[in-house]
Amino acid sequence: MGTELGKYKLCVSARSTDKAILKKAQDGGIVTQLFKFALENNIIDGAIVAGPSDEPWRPRPFIATTVEELMMSPGTKYNISPQLSLIKEATRSYGLDKIGIVGTPCQMQAVRKGQLYPVGLRDVPDKIALAIGIFCMENFPYQSLKQLVEDHAAIKLKSVKKMEVGKGKFWIYGERGQVIAMPLKWIGEAAHHKYEQPGCHVCLDYVANLSDVSTGSVGSPDGWSTVFVRTKKGDNIWAKAIESGCFETKPIDQVKPGLELISKLANEKIGANQKTVEERKARCGAHKELRNPYISVK
Amino acid sequence: MPVKADAKLKAEISKKEDKPVADKIKAGHVHMSGCTGCEVAIADNYEGLLTLLDKYVDWVYDLTLADVRHIPKMDVALVEGSVCIQDVLSVEEIVETREKSALVVALGGCACYGNITRFSRGGQTNQPQHESYLPIGDIIKVDAYIPGCAPTPQMIRNVCVMAYLLLKGNKEQQELAKKYLTPLMQLAERGTTACGCDLMYDIINQGLCMGCGSCAAACPVRAITHEYGKPNVNREMCIKCGACYSQCPRSWFNFDVIPEFEGIMELIDGAMK
């Protein structure tokens with residue numbers, strides 16, 4: 001297709017040079033490190049991150065204004081955090097003039113729609129300083145994640161140390177050293193549609209094409225992340241971060257599995273979801289179409 | 001010496017006066033039954049409003065800002081407020097606005113959807129019989145909506161710049177402005193009722209919600225929280241402004257405009273300098 005990875009100025013494999021971040025990070029610690037750098041250098045006043053809540057593994061949008069607060073929220077949560085819900089509040093009760101936000105591709109779409117069509121986002125459009133997107137195949141409501149982990153994998157969410165997707169499996173690491181690997185088709189994947197939230201099935205973006213910088217594990221070796229630098233803002237901040245030694249990088253064409261795999265997965269996701277959008281026109285032979293958000297307002 | 005400086009100043013002044021007046025569009029603010037909050041939102045562009053007036057817009061009608069008694073011919077009429085159908089003058093004025101304007105834009109929740117005026121039961125001094133308030137789209141044809149209570153200064157700014165480009169820009173700019181304004185025109189075609197319930201009917205029930213939280217941020221009365229990762233509207237609090245639905249990236253999303261956000265933001269920034 002050629003457009004599946006969006007516009008980008010630069011693509012590398014990278015990881016943070018900060019050992020404390022790497023220790024807690026999902027992969028290369030890109031998001032935490034880049035926000036840390038941006039906070040310390042006044043590029044952002046605070047960042048909307050997926051912070052902890054009173055339930056295990058349930059993220060809650062949280063505005064981190066210090067590095068300490070930022071360090072409370074590393075890693076991938078695999079369920080929904082309504083990041084945008086704080087975007088106006090960040091400029092109000094938190095008084096931020098330069099906002100950082102991390103989110104999924106759809107949340108990056110929401111940020112950009114909010115900047116061009118700020119129907120209810122007074123004073124927000126000019127204050128987005130750094131929007132970091134994360135690669136995303138699909139997301140889960142909290143109850144789905146609970147179903148998967150506590151029912152299928154038979155481990156309490158509060159005993160889970162880390163979760164990740166890799167090598168065709170969903171991996172759950174328990175606190176006492178247990179490792180549970182579930183085939184992805186148990187949980188979903190674009191073609192299977194099981195526990196993911198239905199809204200993901202019409203999503204046409206895998207690598208957060210509308211972010212300033214987007215990142216994810218796919219394409220890079222273990223412990224590293226693939227990074228796309230997309231906008232002038234992103235390019236500027238990334239260059240400064242590299243200059244100050246925040247990241248080790250390798251050219252993406254020198255790592256395995258590299259861009260090819262990202263393209264393949266992006267095309268798989270977009271292809272399957274485009275098909276879903278089409279099928280919504282006559283689902284199970286229904287006489288009326290389901291709404292298509294990409295064409296019409298109606 | 002002072003004489004020389006004076007002469008120089010005079011020359012400069014006359015030079016400025018010789019400069020042709022910018023080719024602006026004619027726009028105005030028509031005040032129906034609203035709280036003037038939409039008008040304040042226009043003014044809240046601060047120095048940006050002065051730039052808009054300097055370069056792009058002749059503000060030809062505005063009860064509070066321009067000394068003009070009767071609705072003149074306009075390129076764009078921004079209408080604030082709903083229409084009280086028991087008030088003959090209001091009905092006449094909205095009809096006249098339509099007749100004299102190339103484009104009628106409903107500015108704010110009341111003009112688009114009735115908003116808070118939907119809850120009117122009349123009974124107010126000194127016209128207690130004024131009880132029925134309709135969005136302007138129930139009386140006249142409306143070309144585009146800018147929902148929200150209040151609409152945001154930045155949205156008004158963006159629409160003003162795009163309206164200017166549509167009417168006075170080069171071919172490429174006209175094309176962009178048309179694409180940008182299309183969803184706002186389609187909102188006008190969609191109807192004159194709005195509610196937080198739209199999130200249920202047209203987003204969640206349609207299997208489109210992905211729980212981003214845009215609706216909760218857009219809601220001016222904080223009526224929206226998230227349950228099971230999806231918006232939950234406190235329907236007693238909802239004022240029916242339509243902001244949540246319009247802000248939602250799954251109500252409409254135009255792939256021919258939004259991915260160009262960087263260039264468009266630069267264009268608008270440049271236009272406002």
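## The interface between chain B and chain A

About 4800 Å² is buried between chain B and chain A, with carbon and sulfur atoms giving 57% of that area. Buried area here is the accessible area (1.4 Å probe) that two parts lose on being put together, summed over both. Gln247(B), Arg250(B) and Phe261(B) supply 14% of what chain B buries against chain A, more than any other three residues. In terms of contact (heavy atoms within 4.5 Å), 61 residues of chain B touch 50 residues of chain A.

This is a predicted model, so local features need pLDDT of at least 70 and side-chain atom pairs count only at pLDDT 80 or more, while totals for chains, interfaces and linings use all residues. Residues are numbered from 1 along each chain as its sequence is written, chains are lettered from A in the order in which they are written, and side-chain values use heavy atoms, with hydrogens and water left out.

## Charges across the interface

Chain B and chain A share 5 salt bridges, each a side-chain nitrogen of Lys or Arg within 4 Å of a carboxyl oxygen of Asp or Glu. In one of the bridges, Arg222(B) meets Glu89(A) at 3.2 Å, N to O.

Charges also sit over rings (NZ of Lys or CZ of Arg within 6 Å of the ring centre and within 35 degrees of the ring normal). Lys113(A) lies over the face of Trp252(B), 3.6 Å from the ring centre. Within chain B, Arg190(B) does likewise over Tyr245(B), at 3.8 Å.

## Ring pairs

Over all chains there are 11 aromatic pairs. Rings of Phe, Tyr and Trp (its six-membered ring) pair if their centres lie within 6.5 Å; planes under 30 degrees apart count as stacked, over 60 as edge-to-face and the rest as tilted. Tyr117(A) and Tyr180(B) are stacked, because their ring centres are 4.4 Å apart and their planes at 10°. Tyr117(A) sits in the loop between α4 (105–116) and β5 (128–134) of chain A and Tyr180(B) in helix α7 (residues 171–190) of chain B, so this pair joins two chains. Tyr117(A) is buried at 0% relative accessible area, and Tyr180(B) is buried at 0% too; the cut-offs are under 20% for buried, over 50% for exposed and partly exposed in between (1.4 Å probe, protein chains only).

Phe135(A) and Phe228(A) make a tilted pair, 5.9 Å centre to centre with 50° between the planes. Phe135(A) is buried at 12% and Phe228(A) at 0%.

Notes. Helix = DSSP H or I, 4+ residues; strand = E, 2+ residues; numbered from the N terminus.
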